[in-house]
Amino acid sequence: MLATTLRTLGESFLAAEQRTIRELIDCSQSQASVLLRIAQAGTIGMRTLARQTGLEKTALTRITDALEARGWISKQPDPVDARALLLVTSPNGLRIARQLGERLDTAALALIGGLAPADRAAAERILNRLCALLDTDARVMKPELE
């Protein structure tokens, strides 16, 4: 029963997130996620982003090409390693990422808004622990992410 509840929660949350992304910026969840990561970093190397997201190089290239075509990021040569690329958020990309992040945060907080304060604190503690476990599990399953 708990496994089913967790799957249902994940599916429902993902569906709500995808609706929000489509309504606000009309792109894929993967593109939105990558944009948010680049915006958070300001500038990030393609290899670092691949490690963080777990995306294959070809998939990440397609995603970043789409973000670049929309003018949300730019790709620049890495001054330290000429073979590498740096991804930089454009001013418009930063604006879009801020709006999207705020909208997604609002939706996420609404999910637990009906809980009592003690339950919200417990939910935050448990969700943080689950995220840590998922991160550890990802590194165990894909050691190249470290």
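## The sheet

Three strands form an open sheet in the order β1-β3-β2, and their pairing is antiparallel. The edge positions belong to β1 (43-45) and β2 (73-77), each of which has a single partner strand, so one side of each is left without a neighbour in the sheet. From one strand to the next, the twist averages 30°. Strands here are DSSP runs (E, at least two residues), helices are DSSP runs too (H or I, at least four), and both are numbered from the N terminus. Two strands count as paired if DSSP finds at least two bridges between them.

Let's look at one pair. β1 and β3 (residues 85-89) run antiparallel and are joined by three bridges. Across this pair, Ile44 stands opposite Leu87 in β3.

## About the model

This is a predicted model, in which local features need pLDDT of at least 70 and side-chain atom pairs count only at pLDDT 80 or more, while totals for chains, interfaces and linings use all residues. Residues are numbered from 1 along each chain as its sequence is written, and side-chain values use heavy atoms, with hydrogens and water left out.

## The largest pocket

The largest pocket holds about 960 Å³ of space. Its lining has 23 residues, and the closest to the centre are Leu9, Leu111, Ala123, Leu127 and Leu130. A pocket is an open set of points on a 1 Å grid over the protein atoms alone, where a 1.4 Å probe fits, with protein on both sides within 12 Å along at least five of seven lines; lining residues have an atom within 4 Å of a point. Its volume is the space filled by probe spheres set on the points, which are joined across faces, edges and corners.

α1 (2-25), α5 and α6 each supply at least two residues of this lining, and α6 gives the most, with eleven. By class, the lining of the largest pocket has 18 nonpolar, three polar and two charged residues. Nonpolar covers Ala, Val, Leu, Ile, Met, Phe, Trp, Tyr, Cys and Pro, charged covers Asp, Glu, Lys and Arg, and the others, Gly among them, are polar.

## The second largest pocket

The second largest pocket has a volume of about 510 Å³. Of its 17 lining residues, Glu17, Gln29, Ser33, Leu36 and Leu104 are the closest to the centre. α2 (29-41) gives the most to this lining, with eight residues. Here the classes divide into eight nonpolar, six polar and three charged.

Definitions and conventions:
Axes fitted to C-alpha atoms, helices over the stretch in contact; angles between N-to-C directions.
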